[in-house]
Amino acid sequence: MAAVTEAPPPLAPTAPQNKPPRRRGRLTPYWLLLPGILWLVVFFALPMIYQASTSVQTGSLEQGYKVTWHFATYWDALSEYWPQFLRSVLYAAASTILCLLLGYPLAYLIAFRAGRWRNLIMILVIAPFFTSFLIRTLAWKTILADGGPVVGALNTLHVLDVTNWLGWTSGDRVLATPLAVVCGLTYNFLPFMILPLYTSLERIDGRLHEAAGDLYAKPFTTFRKVTFPLSMPGVVSGTLLTFIPAAGDYVNADLLGSTDTRMVGNVIQTQFLRILDYPTAAALSFILMAAILLMVTVYIRRSGTEDLV
Amino acid sequence: MKTTPETTDHGGDVRLTGISKRYGAFTAVHPLDLTVPQGSFFALLGASGCGKTTTLRMIAGLEEPSEGTVHLGDQDVTHLPPYKRPVNTVFQSYALFPHLDIFENVAFGLRRRGIKGVKKQVEEMLELVQLGEQARKKPHQLSGGQQQRVAVARALINHPKVLLLDEPLGAMDLKLRRQMQLELKRIQTEVGITFVHVTHDQEEAMTMADTVAVMNAGRVEQLGTPTDLYENPRTTFVANFLGTSNFVEAEIDAHSGEEIVVKAGGGKLVLPAARCSAPTTTGGKVLVGVRPEKVSLTHADDAGAIPAGRNRITGRIADSSFIGVSTQYVIDSPVCPDFEVYAQNIDRDPRLVPGTEVVVHWNPAHTFGLDATQDIDAGVESVEEEAA
């Protein structure tokens with residue numbers, strides 16, 4: 001779950017220089033911060049501490065769990081469920097790349113070419129949010145249903161032969177295959193890619209395109225040397241907003257996948273709600289969080305967009 | 001130092017033939033013909049919205065003309081995209097690439113044309129604009145004046161046939177602007193490339209350019225050297241946009257050879273026929289104009305001491321303001337309600353205070369005549385608008 005990790009910056013009151021500042025005025029910024037801090041403590045910090053302590057407990061459901069600093073749970077969880085971790089990262093990466101490939105042209109179109117259609121297209125991008133995440137994912141079950149028009153068309157065009165060979169699908173089915181899960185993830189997180197991309201593309205001064213053209217850059221070179229580098233902040237935040245929730249997602253794998261496509265989110269869900277092995281579930285959650293933090297940090301460092309954001 | 005030795009004398013001329021630009025029902029530029037000779041510093045001067053920037057953008061290829069052709073030397077470039085034209089632009093807000101450092105910004109054009117070993121050229125160009133030390137900084141780390149010089153360097157390094165400047169000094173404060181005007185003029189003299197400079201600042205156009213085209217409402221009102229435009233404006237717009245002019249509505253009384261005598265109010269004024277661009281039939285109306293600095297002011301009591309043969313108008317001082325080098329008087333005269341006089345502060349007459357009756361007089365040779373059918377105040381508002 002995405003939590004509010006950043007409180008709004010305190011608004012420093014500008015007290016007049018000649019008068020000694022009153023005490024109430026000096027405390028105002030802290031009072032303003034209080035609701036945010038309370039929210040963070042109750043809904044972020046406390047659950048984290050609780051989960052952290054759960055992850056090092058041992059015991060059983062009948063006798064109750066006790067904190068025994070049993071860190072081996074982490075190692076056990078990782079060695080048992082590493083395939084699901086790997087799958088989560090792969091699926092999330094694949095859907096992030098698909099989102100970027102689909103979202104970039106659309107964001108570019110909205111930012112530079114849409115003219116008076118801009119608002120309409122933006123509404124169309126956001127419109128799916130008006131329906132529940134679950135319902136939208138269930139709809140994909142119908143779209144990709146066996147013997148349905150989509151599968152039929154893919155079969156006729158021999159696309160399925162290729163995807164079968166790649167191991168993304170099996171037989172005449174798309175549903176319950178990795179392809180279906182990645183499609184679902186891509187669809188569900190696409191707006192999170194388009195919106196930041198659009199924001200950073202839209203901020204680019206149109207005169208930079210003219211200047212590049214004036215300096216002998218052909219349209220595609222202008223894109224490669226000017227537009228794309230300047231949209232990097234949008235690419236970075238778009239990929240993060242897609243990759244992070246996709247890596248932790250379990251709904252798509254649950255509804256569109258099979259037992260062979262289980263992601264780490266599904267494992268955590270099962271451990272918590274069916275097997276009721278809370279320490280393992282908590283340990284898995286922390287491993288996932290640490291892994292994502294590590295990958296994101298490396299990614300941001302490597303992309304070198306600090307002075308563009 | 002001519003940078004295009006392979007071309008003939010007129011190889012770098014910019015020729016616009018019947019060029020126009022329409023946006024739907026709005027005509028930004030009416031069909032115009034214009035030739036900018038190679039190596040000249042040419043200014044397009046006018047208020048905002050007069051079509052000067054559109055004209056420039058049509059030369060750059062950023063705007064396609066609705067009709068007409070653009071020639072660079074012998075080459076018809078009307079339908080060439082900007083990246084195929086031997087023309088470079090210095091944009092209004094510089095449009096430097098924020099993600100590239102100064103060196104890469106300047107090298108951009110060379111790299112796009114696949115030129116290898118750009119280091120020496122870029123360093124030389126940065127020396128020319130005195131930014132050698134700043135090569136590895138990003139644009140946002142430079143001041144406005146430095147960014148502007150980078151923009152000039154980035155364009156000039158490509159040795160374009162023509163350098164287009166779109167109000168490049170617009171965002172600068174007055175002092176920096178004066179400095180950059182001299183700088184640009186120096187660079188132009190040094191490299192010998194044709195400069196086409198768009199500006200709304202008449203002083204800027206006059207100090208920098210060899211030739212100025214004054215534009216108004218999508219048309220070229222008048223084209224000439226700064227001195228010619230100032231001394232012999234052919235329309236009230238030019239007369240008011242370039243400096244200040246006083247106009248007296250008059251009726252032609254007699255036309256004798258080189259001189260025209262006109263009646264204004266009760267008196268008579270004389271102007272040289274050569275400087276009258278209006279039809280000169282007897283009884284016809286004409287606007288008699290004179291620049292405020294060419295006029296002298298004498299107390300009414302000393303009117304007898306004014307030499308004979310000078311044009312004179314009587315009036316009362318409505319206002320005076322002392323501005324150091326000169327004192328500016330506004331004279332309320334029956335023939336012209338706000339006649340302006342700029343008197344140099346050499347021998348100030350202490351009696352000349354508001355309310356005093358005075359005689360305004362000037363050498364008839366400094367008078368010009370314009371067609372009376374036009375708006376006397378044309379061009380006045382545009383100047384104020386820009387100043388606001």
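I started with chain B, where UniProt places the feature "domain: ABC transporter" (unreviewed entry) at residues 14-242. UniProt positions use the numbering here, feature names are shortened, and annotations may be inferred rather than shown by experiment. Residues count from 1 along each chain as written, and chains are lettered from A in written order. This is a predicted model: local features need pLDDT of at least 70, side-chain atom pairs count only at pLDDT 80 or more, and totals for chains, interfaces and linings use all residues.

I looked up the makeup of residues 14-242 of chain B: 35% helix and 27% strand, with the end C-alpha atoms 25 Å apart. Helices (H or I, at least four residues) and strands (E, at least two) are DSSP runs, numbered from the N terminus.

I checked confidence next. Mean pLDDT (predictor's confidence in each residue, 0 to 100) is 88 for chain B, and 95% of its residues reach 70 or more. Over residues 1-8 of chain B pLDDT stays under 50. Where pLDDT is low, the predicted coordinates should not be read in detail. The model scores ipTM 0.80 and pTM 0.80.

I then turned to the interface. I found 16 residues of chain A in contact (C-beta atoms, placed from the backbone, within 7 Å) with 17 residues of chain B. On the chain A side, α8 (206-214) and α9 (219-230) each supply at least two residues. α8(A) gives the most, with 6 residues.

Last, I took a helix pair within chain A. The axes of α2 (residues 72-113) and α12 (residues 264-275) of chain A come within 7 Å and cross at roughly 135°.

Note on methods
Two residues are in contact if their C-beta atoms, placed from the backbone, lie within 7 Å. Axes are lines fitted to C-alpha atoms, for helices over the stretch in contact, and angles run from 0 to 180 degrees between N-to-C directions.
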